[in-house]
Amino acid sequence: MEKSLPIMLHGQVHHGIKLGSRLNMPTANIIPREDITGIDAGVYYSKLHIEDRIYKSITNIGRKPTVKDTPDINVETFIYDFSGDLYEKEIGVELLEFRRPEMKFGSLEELCSHMKEDVEAGRLYRD
C-alpha cells in the first residue's frame with residue numbers, strides 16, 4: 001500500500017447492484033471524490049461519517065471479481081447497528097486498518113461466507 005492509513009474517502013451514496021441487500025448485508029456505495037490509486041483492493045475496518053454521527057463499519061474496495069469483474073473500482077461499506085436510507089447523502093468513509101486482499105471466490109455462497117466472517121471480525125475490531 002502506497003498510502004498510509006487512516007485514509008478518509010468522501011462521496012454521495014448511490015445505488016449499487018443490491019447484492020448486499022439480497023444477502024442481508026446491505027452496503028452504502030460511493031464513488032470517492034479522492035484519488036484512490038495507491039489504496040490496495042480489499043477489505044478494511046472502517047468508520048462511516050454521516051452528518052454529526054460516526055458508525056463502526058467495514059469497507060470493501062475493489063472490482064467485485066466474483067460477481068462481475070468490472071474496470072470500475074467500487075467502494076462499499078457495511079454499517080453496524082444502522083437502519084435508514086442513505087441514498088443521495090454525502091458520507092465519509094475512514095479506512096482504519098487493512099483486513100484482507102480482494103479475492104475471487106468460486107461461488108456466491110463462498111463469497112457470502114467470507115463476507116459474514118469479515119463482518120464478524122469487524123464487529124470485534126477495536127480502533
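Visitor: Where does Pro6 sit?
Guide: Pro6 is in the segment before strand 1. Strands here are DSSP runs of E, at least two residues, and helices are runs of H or I, at least four residues; both are numbered from the N terminus.

Visitor: And which peptide bond is cis?
Guide: The one from Leu5 to Pro6, with omega near 0 degrees. Most peptide bonds are trans, and most residues other than glycine have a negative phi.

Visitor: Which residue has phi near 55 degrees?
Guide: Asp81, and that is a positive phi in a residue other than glycine. Asp81 lies in the loop between strand 5 and strand 6.

Visitor: Is Asp81 buried or exposed?
Guide: Exposed, because its relative accessibility is 69%. The cut-offs are under 20% relative accessible area for buried, over 50% for exposed, and partly exposed in between, using a 1.4 Å probe and protein chains only.

Visitor: What about Glu88 and its phi?
Guide: Glu88 also has a positive phi, about 75 degrees, and is not a glycine. Glu88 lies in the loop between strand 5 and strand 6. With a relative accessible area of 48%, Glu88 is partly exposed.

Visitor: Stepping back, what kind of model is this?
Guide: A predicted one: local features need pLDDT of at least 70, side-chain atom pairs count only at pLDDT 80 or more, and totals for chains, interfaces and linings use all residues. Residues are numbered from 1 along each chain as its sequence is written, and side-chain values use heavy atoms, with hydrogens and water left out.

Visitor: What is the mean pLDDT of the chain?
Guide: The mean is 91, and 98% of residues reach 70 or more. pLDDT is the predictor's confidence in each residue, from 0 to 100.

Visitor: Where is confidence lowest?
Guide: In helix 1, residues 19–22, at a mean of 72. Strand 6, residues 90–101, has the highest, at 98.

Visitor: How many helices and strands in total?
Guide: Two helices and six strands. Along the sequence the pattern is β-α-β-β-β-β-β-α.

Visitor: Which way do strand 1 and strand 6 run?
Guide: Antiparallel, with six bridges joining strand 1 (residues 7–14) to strand 6. Strands count as paired if DSSP finds at least two bridges between them.

Visitor: How many bridges join strand 1 to strand 2?
Guide: Two, and those strands run antiparallel. Strand 2 covers residues 28–30. Val13 stands opposite Ile30 there.

Visitor: What is Ile30 in contact with?
Guide: Setting aside neighbours within four places in sequence, the partners are Leu9, His10, Gly11, Gln12, Val13, His14, Val75, Ile91 and Val93. Contact means heavy atoms within 4.5 Å.

Visitor: And Ala28, buried or exposed?
Guide: Buried, because its relative accessible area is 5%. Ala28 lies in strand 2. Beyond four places in sequence, Ala28 contacts Val13, Val75, Glu76, Thr77, Ile79, Leu86 and Ile91.

Visitor: Which residues touch the most other members of the largest nonpolar core?
Guide: Leu9, Ile30, Ile39, Leu48, Ile61, Ile91 and Leu95, out of 18 residues. Strand 1, strand 2, strand 3 (42–50), strand 4 (53–62), strand 5 (74–79) and strand 6 each give two or more residues to this core. Another core, of 15 residues, lies apart from it, with Leu19, Met25, Tyr45 and Tyr125 among them. A nonpolar core is a set of buried Ala, Val, Leu, Ile, Met, Phe, Trp, Tyr and Cys residues joined through side-chain atoms within 4.5 Å.

Visitor: Switching to Asn60, where is its place?
Guide: In strand 4. Leaving out neighbours within four places, Asn60 contacts Gly42, Val43, Asn74, Val75 and Glu76.

Visitor: Last topic. What is the radius of gyration of the chain?
Guide: It is 13 Å, which agrees with a compact globule of 127 residues, where a value near 14 Å would apply. That radius is taken over C-alpha atoms, and the globule rule is 2.2 Å times the number of residues to the power 0.38. The C-alpha trace spans about 40 × 35 × 30 Å along its principal axes.

Visitor: What share of the residues is buried?
Guide: Buried residues make up 44% of the 127.
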